[in-house]
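Please read each point beside the coordinates.

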Amino acid sequence: MINRLEATQYLLKHLSDEPIIASCGNPKFDLASAGDRRENFYMWNSMGMASSTGLGLALARPDKKVIILDGDGAILMNLNSLTTAASKSPPNLIHIIWDNRTYQITGGQPTHTAGKADLAQIARGAGFEKAFSVDTMEAFKQLLPEVLSKPGPWVVVAITDDCGAPGRPPKSPTYIKHRFMEALGSQR
Amino acid sequence: MKWPETILNILKENGIRSISFVPDSVLGKILNLAAKDSFFELSTLAREEEGVGIITGEYLGGRRGVLMMQSAGFGNCVNALASLAIPYQIPFLMLISQRGELGEFNPCHVPMGKALRGTLDALGLQHFTLRREDEIETTMQGAIKTAYTSEQPVAVILSSELVGWKNEK
């Protein structure tokens, strides 16, 4: 099983200025703990929207590799977005789903991935050709260089534990937005 | 019937290239024209709230988008608007094809149609209704400008007075 914070830290070490869209719930806490940066877009709510927002950014900015840090509960709420992303298939999209099989932030109630749902298979069924599941840190480390260097779109489902992260991102939505857009040099 | 062409020209003048949509027969008239114009990039959504996320991502990347949907589909967007577009101040035009008003044949379209403006009002979102061809230029141009200056989504509603209704009982 993968420790989510350790995997997030490992990912950040291999990035430079790639934008990251972090889902509400624990993905944004781990990202803030691993390193706050201007290119981090933290979602404080809008559960399920990280996948769609990352897709929109990838379509608008083919010059950037766009990384989504999602959770199993969040993507289960917007599974249809996988069909839309696969249809558009931007090669610069990297969708990482931390799958701890629980609604961790609300007390650990099991999600459907604790039952019969398999997110990598769902992503393949939606049309992603590069959709993989990893359940050890070694496998994550082995897959990551290819994900970051070769054209996608990629879906990486990482089976993680449910350790919490101590860090908290900035809370002002407009601060997060303006800082992120400035870092990307986006015209308003 | 010039309204589909007029609307597309105004989108183009305002640099709105990206159209995210769930189609209906009214919006289909706009979408069929847009599909033939290389200026526009069309994204079919499986569910309308995806469009709020996609347009947010596009805006963060420096591109303008419009969300086209029916009044029924607006109901699917409420939390994404309330928890993403509104607090993060993401401006865009929502072009909403109205069901449930004049000439409606389907009783199951009436409740959401009646709730459309009240829901927009409850969210604090501005909305304007197109009823005649000669209103399109002023209303569309003005709504788009206000969306980007206020950094909020703004809705333009296509009424059945403008677009007609199905000849079905």
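How many bridges join strand 5 of chain B to strand 6 of chain B?

1. Four bridges do so, and strand 5 and strand 6 (residues 153-158) of chain B run parallel. Strands (E, at least two residues) and helices (H or I, at least four) are DSSP runs, numbered from the N terminus. Within strand 6 of chain B, B:I157 is the bridge partner of B:T129.

2. This is a predicted model: local features need pLDDT of at least 70, side-chain atom pairs count only at pLDDT 80 or more, and totals for chains, interfaces and linings use all residues. Residues are numbered from 1 along each chain as its sequence is written, with chains lettered from A and ligands numbered from 1 in the order in which they are written.

3. In chain B, six strands with parallel pairing (at least two DSSP bridges between two strands) form an open sheet in the order 2-1-3-4-6-5. Strand 2 (41-44) and strand 5 (127-130) of chain B are the edge strands, each pairing on one side only. From one strand to the next, the twist averages 20°.

4. Helix 7 (residues 136-150) of chain B lies across strand 4 (92-97), strand 5 and strand 6 of chain B, and runs at about 160° to strand 6 of chain B. Axes are lines fitted to C-alpha atoms, for helices over the stretch in contact, with angles from 0 to 180 degrees between N-to-C directions.

5. Between the chains, 28 residues of chain A are in contact with 23 residues of chain B; contact requires C-beta atoms, placed from the backbone, within 7 Å. On the side of chain A that touches chain B, helix 3 (49-60), helix 5 (80-88) and helix 8 (173-184) of chain A each give two or more residues. Helix 3 of chain A provides the largest share of that side, nine residues.

Note on methods
Contact = placed C-beta atoms within 7 Å.
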